[in-house]
Structures are given as structure tokens and as C-alpha cells.
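I opened the model to go through its charged pairs, then its fold and overall dimensions. The entries follow in the order in which I looked things up.

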Amino acid sequence: MARTDHYHDPHAPEATNIVVAVTAFVQDEHGRLLMIRRTDNDLYSIPGGAQDVGETIGQAVIREVREETGIDVEPTDIIGVYSDPKHVIAYTDGEVRQQFSICFRARLIGGDLRTSTESSEVHWVGRRDLGALNIHPSIRLRIEHGFEERSAPYFAV
């Protein structure tokens, strides 16, 4: 299912719901950032997605990163909560979501890079190489905050 992100667009469709989602800021031992190229909008992004019923928010981070990249992580802290009502995401099935995403910093545990049905590319990207990638402004903001080392404690329950 394809999607279109509307960001501060006065002609954007009206949001019909809010879904809890996560993104993960993951760096390797060289400080490179884990990035994917999304199959639903062809933009580069940090891994993430919607929380499933029956899982904790931390489990959602672990699952989404593993599903999209093949990498195993442990969420360590929260970089920020992003809930801009002027950022809506329209899906081809007619659903229109208002953004609500919690961005986690996550520690690399293991795994091997691989693509998935949600990611056509998976890379470790150096900070100075990020400028050449087509990244949505809302994801660039999370990345900037991650590199600024913003954080709040995350307590797994």
C-alpha cells in the first residue's frame, strides 16, 4: 500500500485517525546511522512503524527494526514524541492518519542487514552523507534531535 505524506500542506486531506507509531535512531560502532529506503513512498527513513495490539512500545521498536532491516536492537531512551497535526499521511486504501510517533534511541545488539517488503534498501549512513538522501522533513527532524543527543529515560515494563 502506497502512502503520501502531507506536511504543512493547506490542501492535505483531513485526518481520520491517529495510530501509535515508533521510529528508531540506531548507530553502529562507527557512528553511522541505520537507514532504510521505504517501499511505500520511496523516501529514506530511520526504521519504524505502527505498534501492534498486545505488544509494549519497546517491543514495537524491536520488531519494526528487525522486520525492516534484519538488525536486533534494544531501546535505551526516548529522543522525542512527534505529533504534529499538520503532518498527515494518506494511504491508498483511503485511511488518513495524523502523525503520532515516538522516536527511540536504540542500541545495536546484532543481526545482519537485509531488505524486506517495507525496505528496498538498508544501509549504515555516515552523518555527512545524509544530506544527499531524499528524507522527509519530519524524519530529518528526528535525526537532528538524535545527533543532538536529546533523550528522556525509557523504562521497559
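This is a predicted model: local features need pLDDT of at least 70, side-chain atom pairs count only at pLDDT 80 or more; totals for chains, interfaces and linings use all residues.

**Entry 1: R105 and D77.** Next I checked the salt bridge between the side chains of R105 and D77, where N to O is 3.6 Å. This pair links distant parts of the chain, as R105 sits in strand β10 (residues 101-111) and D77 in strand β7 (residues 71-82), 28 residues apart. I noted R105 as buried, with a relative accessible area of 17%. D77 is buried as well, at 11%.

**Entry 2: the network.** I then traced salt bridges that share partners and found D52, E55, R63, E64 and E67 joined into one network.

**Entry 3: D28 and R32.** The closest N and O atoms of their salt bridge are 2.5 Å apart. D28 is buried, with a relative accessible area of 9%, whereas R32 counts as partly exposed at 31% relative accessibility.

**Entry 4: charge totals.** I counted 14 salt bridges in the model. The protein has 16 positive and 25 negative charges, and their mean positions are 4 Å apart.

**Entry 5: fold.** I listed the secondary structure as 2 helices and 12 strands. From the N terminus on, the order of elements is β-β-β-β-β-β-α-β-β-β-β-β-α-β. For contacts between residues at least 6 apart in sequence, I noted that 73% join residues at least 24 apart.

**Entry 6: helix α2.** I looked up which residues of helix α2 (residues 137-147) are buried, and the list is S138, I139, R142, I143, H145, G146 and F147. After α2 comes E149, and I read its phi as positive, near 65°.

**Entry 7: dimensions and surface.** The C-alpha trace spans about 45 × 40 × 30 Å along its principal axes. I compared the radius of gyration, 15 Å, with the value near 15 Å for a compact globule of 157 residues, and the two agree. Of the 157 residues, 48% count as buried.

How values were computed:
Residues are numbered from 1 along each chain as its sequence is written. Side-chain values use heavy atoms; hydrogens and water are left out. Helices (H or I, at least four residues) and strands (E, at least two) are DSSP runs, numbered from the N terminus. The radius of gyration is taken over C-alpha atoms; the globule rule is 2.2 Å times the number of residues to the power 0.38. Buried means under 20% relative accessible area, exposed over 50%, partly exposed in between (1.4 Å probe, protein chains only). Contact means heavy atoms within 4.5 Å. Lys and Arg count as positive and Asp and Glu as negative; His and the chain ends are not counted. The place of a charge is taken as NZ of Lys, CZ of Arg, CG of Asp or CD of Glu. A salt bridge is a side-chain nitrogen of Lys or Arg within 4 Å of a carboxyl oxygen of Asp or Glu.
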